[in-house]
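The sequence and the coordinates are displayed first, and the description follows.

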Number of protein chains: 2
Amino acid sequence: MPGGSRREEIGQRVLSANDRIAAENRARFKAAGLYVLNLIGSPGSGKTSILEATVRRLGLRMGVIQGDVQTSLDAARVRAAGAESVQIETGGACHLDARMVARAMRELPLEALDLVFIENVGNLVCPTGYDLGEDEKVAVLSVPEGDEKPVKYPALFVRAGVVLINKTDLVPHTNFSMERVKGDLDKLHAGVTVLAMSCRSGEGLQAWCDYLRRRAGAGN
Amino acid sequence: MPGGSRREEIGQRVLSANDRIAAENRARFKAAGLYVLNLIGSPGSGKTSILEATVRRLGLRMGVIQGDVQTSLDAARVRAAGAESVQIETGGACHLDARMVARAMRELPLEALDLVFIENVGNLVCPTGYDLGEDEKVAVLSVPEGDEKPVKYPALFVRAGVVLINKTDLVPHTNFSMERVKGDLDKLHAGVTVLAMSCRSGEGLQAWCDYLRRRAGAGN
């Protein structure tokens with residue numbers, strides 16, 4: 001996003017085209033009765049591991065649309081765990097856009113699913129501004145990234161409906177302060193749901209699955 | 001980077017304007033006899049901690065240009081460690097470009113320095129394509145991000161002159177395989193320098209400082 005008003009103007013036009021397609025995606029997901037979550041976090045924050053653990057525990061039929069700059073390693077992992085999965089290789093692009101999701105969702109058996117996850121490209125910045133047609137953005141922040149990340153990358157954290165603080169098993173080996181991050185999140189986005197979890201120890205996975213069941217309207 | 005040939009064309013023009021300014025930056029750095037490194041890695045990979053540890057150990061006069069989406073926390077940290085530092089708040093942009101660096105370098109006493117670091121915005125994807133006028137790109141990959149990152153985000157790793165594998169103190173608490181990552185890096189970019197380090201334990205910092213002294217032409 002370098003300067004230049006010509007480029008900004010084109011950027012605006014691209015964004016509003018994106019918003020139109022996102023609205024169509026949203027209508028299509030809604031017609032199929034699906035709750036859709038857009039998972040955003042840094043490379044290595046644990047997005048795919050969270051999806052694997054979620055598929056194994058949740059007991060709902062999950063579809064996953066996964067964006068990666070390159071490779072289809074992630075799709076293979078969630079498919080092995082039991083989800084329907086479509087991989088988008090963005091070929092260098094640093095975020096998913098609504099058009100990519102519109103294409104990918106055609107390959108999912110939407111009517112046979114309860115819940116859809118979109119796993120965005122690993123990036124705390126660029127995916128934040130693109131509506132994909134989701135119901136909710138989920139921010140994933142892993143403990144070793146550091147507790148100051150919400151303050152440094154606020155755009156994601158003010159837009160997310162829920163923040164997952166992942167890899168809590170590493171807290172004893174870092175200087176991460178759960179109080180600091182919760183305090184900062186509360187200032188940035190009062191009332192946001194914050195769930196601490198670890199896919200290694202299993203901590204917090206039950207609370208996360210309960211949250212998803214309520215969101216998917218599948219009872220408590 | 002959504003599709004559309006009009007946008008791509010504009011993108012190309014922006015990039016070549018960037019390359020022109022980068023060439024000017026490079027000439028200016030060279031005239032001052034400076035070696036310049038562009039540090040690229042995910043949010044939380046430890047770029048600022050590496051700079052702090054480097055300033056404290058290296059014994060050379062260092063200038064640091066730091067890009068952040070928001071806040072100037074990082075500049076305060078390296079300044080406290082003893083470097084000259086200029087902070088660029090990109091205001092939402094996901095990478096530094098050559099123009100931002102051209103402005104920032106005017107605020108550094110270039111003739112009084114031995115070495116300059118540019119700490120890019122925390123992002124494994126977008127900064128990769130922008131030449132800033134550096135001599136060398138340095139990729140920072142931290143252990144908790146996972147050992148498959150070079151394969152998933154190859155663009156950075158094929159362009160980097162050196163790869164720092166940081167936070168090795170966390171290896172016992174993860175399933176990170178140093179052999180896997182070194183094997184993958186060797187396939188992607190044969191002969192690339194790979195240095196394992198930990199700012200907590202101090203492992204590898206001496207080898208890194210020796211590398212920098214050689215690069216800065218300050219003897220062995």
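**Model and chains**

The structure is a predicted model. Chain B can be laid on chain A by a turn of 180° with a shift of 0.0 Å along the axis, and the RMSD of this superposition is 0.0 Å. That is the relation of a two-fold axis. Of the interface residues of chain B, 100% are also interface residues in chain A, so the copies meet through the same surface.

**The sheet of chain A**

In chain A, seven strands form an open sheet with parallel pairing, in the order β3-β2-β4-β1-β5-β6-β7. Its edge strands are β3 (84-89) and β7 (193-196) of chain A, each of which pairs on one side only. From one strand to the next, the twist averages 20°.

Helix α2 (residues 47-58) of chain A packs on this sheet, where it touches β1, β2 (62-68), β4, β5 (136-142) and β6 (162-166) of chain A. The direction of α2 makes about 170° with that of β2(A). Helix α8(A) lies across β1, β4, β5, β6 and β7 of chain A and runs at about 145° to β7(A).

**Strand β1 and its neighbours**

Strand β1 (residues 35-41) of chain A is joined to β4(A) by five bridges, and the two strands run parallel. Within this pairing, Val36(A) has Val116(A) as its bridge partner in β4(A).

How many residues of strand β1 of chain B are buried? Seven of the seven are, so the strand is largely enclosed by the rest of the structure. Tyr35(B), Leu37(B), Leu39(B) and Gly41(B) point one way from β1(B), while Val36(B), Asn38(B) and Ile40(B) point the other way; all are buried.

On one pairing, β1(B) meets strand β4 (residues 115-119) of chain B in the parallel sense over five bridges, and Tyr35(B) has Leu115(B) as its bridge partner there. β1(B) also pairs with strand β5 (residues 136-142) of chain B, in the parallel sense and over five bridges. In β5(B), the bridge partner of Leu39(B) is Val138(B).

**Helix α8 of chain B**

Helix α8 (residues 205-215) of chain B has as its buried residues Leu205(B), Trp208(B), Cys209(B), Tyr211(B), Leu212(B) and Arg213(B). These buried residues pack against β1, α2 (47-58), β4, β5, β6 (162-166) and β7 (193-196) of chain B. Just after α8(B), Gly217(B) takes a positive phi of about 70°.

The axes of α2(B) and α8(B) are 10 Å apart, and the helices pack at an angle of about 70°. Angles of 65 to 115 degrees count as roughly perpendicular, and α2(B) and α8(B) are therefore roughly perpendicular to each other. From α2(B), the contact is made by Ile50(B), Ala53(B), Thr54(B), Arg57(B) and Leu58(B). From α8(B), the contributing residues are Leu205(B), Gln206(B), Trp208(B), Cys209(B), Leu212(B) and Arg213(B).

**Aromatic rings in chain A**

A search of the whole structure finds four aromatic pairs over all chains. The rings of Phe117(A) and Trp208(A) have planes at 50° and centres 6.1 Å apart, so this pair is tilted. The pair links distant parts of the chain: Phe117(A) belongs to strand β4 (residues 115-119) and Trp208(A) to helix α8 (residues 205-215) of chain A, 91 residues apart.

Trp208(A) also pairs with Tyr211(A), and this pair is stacked. Both of these residues lie in helix α8 of chain A, three residues apart, about one turn of the helix. The two pairs are set out below.

| Ring pair | Centre to centre | Angle between planes | Class |
|---|---|---|---|
| Phe117(A) and Trp208(A) | 6.1 Å | 50° | tilted |
| Trp208(A) and Tyr211(A) | 6.1 Å | 15° | stacked |

Phe117(A) is buried, with a value of 0%. Trp208(A), likewise at 0% relative accessibility, counts as buried, and Tyr211(A) counts as buried at 6%.

Technical notes
Residues numbered from 1 in each chain as written. Chains lettered and ligands numbered in written order. Predicted model: local features only at pLDDT ≥ 70, side-chain atom pairs only at ≥ 80, totals over all residues. Heavy atoms only, no water. Phe/Tyr/Trp six-rings, centres within 6.5 Å; stacked < 30°, edge-to-face > 60°. Helix = DSSP H or I, 4+ residues; strand = E, 2+ residues; numbered from the N terminus. Buried < 20%, exposed > 50% of the residue type's maximum accessible area, 1.4 Å probe, protein only. Least-squares fit on C-alpha atoms with pLDDT ≥ 70 in both. Contact = heavy atoms within 4.5 Å. Pairing = 2+ DSSP bridges. Axes fitted to C-alpha atoms, helices over the stretch in contact; angles between N-to-C directions. Parallel < 35°, antiparallel > 145°, perpendicular 65-115°, else oblique.
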